[in-house]
Amino acid sequence: MTDKSITISIDAMGGDNAPSEIVKGAVLAVNKNSFLNILLVGDEDQIKNSLSMLGPSALEFIETNRITVVPSEGVIKDGEQPVVGFKKKPKSSIAISSYLVKAKKAHGLLSMGSTGATMAASALTMGMIKGIERPTVGGPIIGSSPNTVILDIGANVDSKPSQLVTFAVLGSIYSKHTFGVESPRVGILNVGSEEGKGNKLTKETFDLIRNTNLNFIGNIEPNDLFYDKAEVVVCDGFVGNILLKILESTGFLMKDFISSQIDSYVNENIKNEISTNALNYLNVGETYGVAPLFGVNGVVGIGHGKANHVTVEKAINSVILWINSNMIDEMNKEINQLSIEKNE
């Protein structure tokens, strides 16, 4: 994939299945990518115990410096106020993971832990891309439209029109570098497709985006999301997070329903394959394993708290892709250009 060595810092204590599944996913990724080095940040004893459970070959990665255990103190958990937690626990696993990127000892960061803590640690440590007010989280979330990037999906429940414009720019760059789309179509998630529809936020955002050089196609209705009508769709985090959670729950609901309906007609393997395909058709999260944290001055991936080792490996591969594409440099250039155009 690449000739250069890549190092990723991973919050080994983040997520419901930490550190065992995080460590196992890291070992899988290192085993398959000769250029990859991993910094596992967290409780040293727990991480080494998880490595030993995987056998001698996993421990050999420590001896060859392919995997390095970086000790930390404490974890910022869901429910804690992120910024307060970061200040009270400056040596927490997510704080140290972020510092390693800031200090250029790692090219990128991956966490399956608290989204808020990862956002706070990354923003406070790495800083923001000039011209970005707040970080945002987004990515593909619909299986039938796997190349449609939706943002924000929960980071900013109250957003301003200017923020949605930056979401559109960041999403477009992500689409170009992740999916190779030369001119991503950008839409605003709205209650109707006609110009003038929606609330104050969507109307003002419409006027701002159409005056940029983005490939703006107007408003996108929710039913359009399933049919590849746009590569980038912007909304505030309140709407985006509701959409995300509905898709997740509907996917599992459909999986269980289909499984129950065909239970007596097919064998277990076929039943599982069909029901899992139904889940993935609605929910693409497991495909990439991670969503990028947009707006911070570094490569950061945030994964699902329930991620297993397979998902962690996929997430690491996604972070590698973003590092290789120089996505952050391109975002800095595009946002700077947008700021210049605003001032002209």
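The protein is divided into domain 1 (1–135 + 295–325) and domain 2 (136–287), with bounds that come from an automatic or database domain assignment. The model is predicted, and local features need pLDDT of at least 70, side-chain atom pairs count only at pLDDT 80 or more, and totals for chains, interfaces and linings use all residues. Residues are numbered from 1 along each chain as its sequence is written, and side-chain values use heavy atoms, with hydrogens and water left out.

Taken over C-alpha atoms, the centres of domain 1 and domain 2 lie 26 Å apart. Contact (heavy atoms within 4.5 Å) links 15 residues of domain 1 with 15 residues of domain 2. The two domains bury about 1,200 Å² between them, of which 49% is on carbon and sulfur atoms; buried area is the accessible area (1.4 Å probe) that two parts lose on being put together, summed over both.

One salt bridge is counted between domain 1 and domain 2, a salt bridge being a side-chain nitrogen of Lys or Arg within 4 Å of a carboxyl oxygen of Asp or Glu. Lys160 and Glu133 form a salt bridge in which the closest N and O atoms are 2.9 Å apart.

On the side of domain 1 that touches domain 2, the elements giving two or more residues are helix H6 (115–126) and helix H12 (309–324); helices are DSSP runs (H or I, at least four residues), numbered from the N terminus. H12 provides the largest share of this side, four residues.
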